[in-house]
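Hello,

Here is the structure for you to look over. My notes follow below it.

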Amino acid sequence: MSQQIPGYTHGTSVVAKSPVSLTDFGLMQKSALFGEEDVKYLRLSHDVVKDQVEAILDVWYGFVGSQPHLLQSFLGKSDGKPLGDYLGGVRKRFGQWILDTARAEYDQKWLDYQPEIGLRHHRTKKNQTDGAASAAIVPFRDLFALIFPVTVTVKPFLAKKGHSAEDVEQMYAAWVKSCLLQMTLWSHPYVKAGDFKSGIESNSETFSSRPSLHSVRSGMYLFSFPRPCAARYSPAVDQGSSPHYS
Ligand code: HEM
């Protein structure tokens with residue numbers, strides 16, 4: 001299917017390697033409390049959404065079309081009118097994105113396509129895929145905010161195939177987390193060079209996923225930092241004094 005979608009270059013050699021590594025992405029997943037359960041519920045949602053893609057897109061396009069400041073990104077530069085071909089071309093890739101999100105296959109090819117989507121929102125590559133004469137950039141201002149309408153409106157579709165309320169909640173939560181993580185990856189071209197990550201990720205000891213003894217004993221597993229990480233980020237370290245653990 002994907003090969004027939006104009007401009008959908010996922011998995012092809014024209015897509016550059018992601019500047020964010022799979023290790024980085026693993027850390028981002030931890031930040032979002034995204035785990036195997038979320039992968040499971042996203043994949044459960046694949047069967048649920050696969051024959052509802054057009055209906056979901058109708059809702060999302062309806063929302064963007066109802067907000068002039070959002071529609072701006074799809075207007076012709078010369079006459080200020082919506083560019084039908086552009087909207088239609090993007091819509092096909094957006095439909096594929098719904099399926100890719102639900103598939104939740106986080107391999108290198110998937111990772112490489114994420115900055116590409118970011119570049120296509122950013123002035124670096126916006127309009128190029130569809131040869132559109134439209135606004136130069138999708139403003140960063142609206143990118144994360146759109147996650148709420150996108151995910152809250154997908155929820156009723158997740159509930160349409162007879163799953164329990166709990167399963168629907170879990171699928172919904174996984175969609176929210178996935179969108180947050182993807183949008184963060186897409187933001188790469190919008191972020192000042194050198195500021196996307198700290199540059200200390202290569203130290204695997206520092207980012208060990210094992211909880212510290214301290215955190216296990218105190219029963220604070222989920223929300224405790226492993227010690228080396230706490231030491232790195234402790235304000236005491238920033239101020240030049242010795243780190244301390246309470
Ligand atoms: C949750 C937030 C968003 C999601 C999930 C999303 C998703 C997508 C996807 C999947 C594509 C196609 C990528 C491809 O070429 O394969 C796309 C392109 C596009 N999106 Fe978004 N987007 C979001 C936010 C926004 C916002 C806030 C705007 C502004 C109205 C916007 C405007 C556009 C435009 C203009 C394109 C075409 C870019 C190009 O010229 O190639 N998007 N978006």
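Buried in α2 are Asp38, Tyr41, Leu42, Ser45, Val48 and Val49. Viewed down the axis of α2, these buried residues fall within an arc of 105°, so they line one face of the helix. Please keep in mind that this is a predicted model.

The face of α2 turned away from the buried side carries the exposed residues Glu36 and Asp47. The length of α2 agrees with expectation, because 14 residues at 1.5 Å a residue should span 20 Å and the end C-alpha atoms are 20 Å apart.

What do the buried residues of α2 pack against? The partners are α3 (53–66), α5, α8 and α9.

Take α5 next. The axes of α2 and α5 come within 7 Å. They cross at roughly 145°. From α2, the residues in this contact are Leu42, Arg43, Ser45, His46 and Val49. They meet Ile98, Leu99, Thr101, Ala102 and Arg103 in α5. By class, that contact has five nonpolar, three polar and two charged residues.

Now the core. The largest nonpolar core has 13 residues. Leu158, Met171, Ala174 and Trp175 have the most contacts inside it. The elements giving two or more residues to this core are α2 (36–49), α5 (84–103), α8 (147–158) and α9 (165–186). The largest share, five residues, comes from α9.

Met171 is worth a look. Leaving aside residues up to four places away in sequence, Met171 touches Tyr41, Leu44, Ser45 and Leu158. Of these, Tyr41 and Ser45 are among the buried residues of α2.

Best wishes

Definitions and conventions. Residues numbered from 1 in each chain as written. Predicted model: local features only at pLDDT ≥ 70, side-chain atom pairs only at ≥ 80, totals over all residues. Core = buried A, V, L, I, M, F, W, Y, C linked by C-beta atoms within 7 Å. Buried ≥ 20, exposed ≤ 12 C-beta atoms within 10 Å, placed from the backbone. Helix = DSSP H or I, 4+ residues; strand = E, 2+ residues; numbered from the N terminus. Contact = placed C-beta atoms within 7 Å. Axes fitted to C-alpha atoms, helices over the stretch in contact; angles between N-to-C directions. Nonpolar A, V, L, I, M, F, W, Y, C, P; charged D, E, K, R; others polar. Expected span 1.5 Å × (residues − 1). Arc of directions from axis to C-beta.
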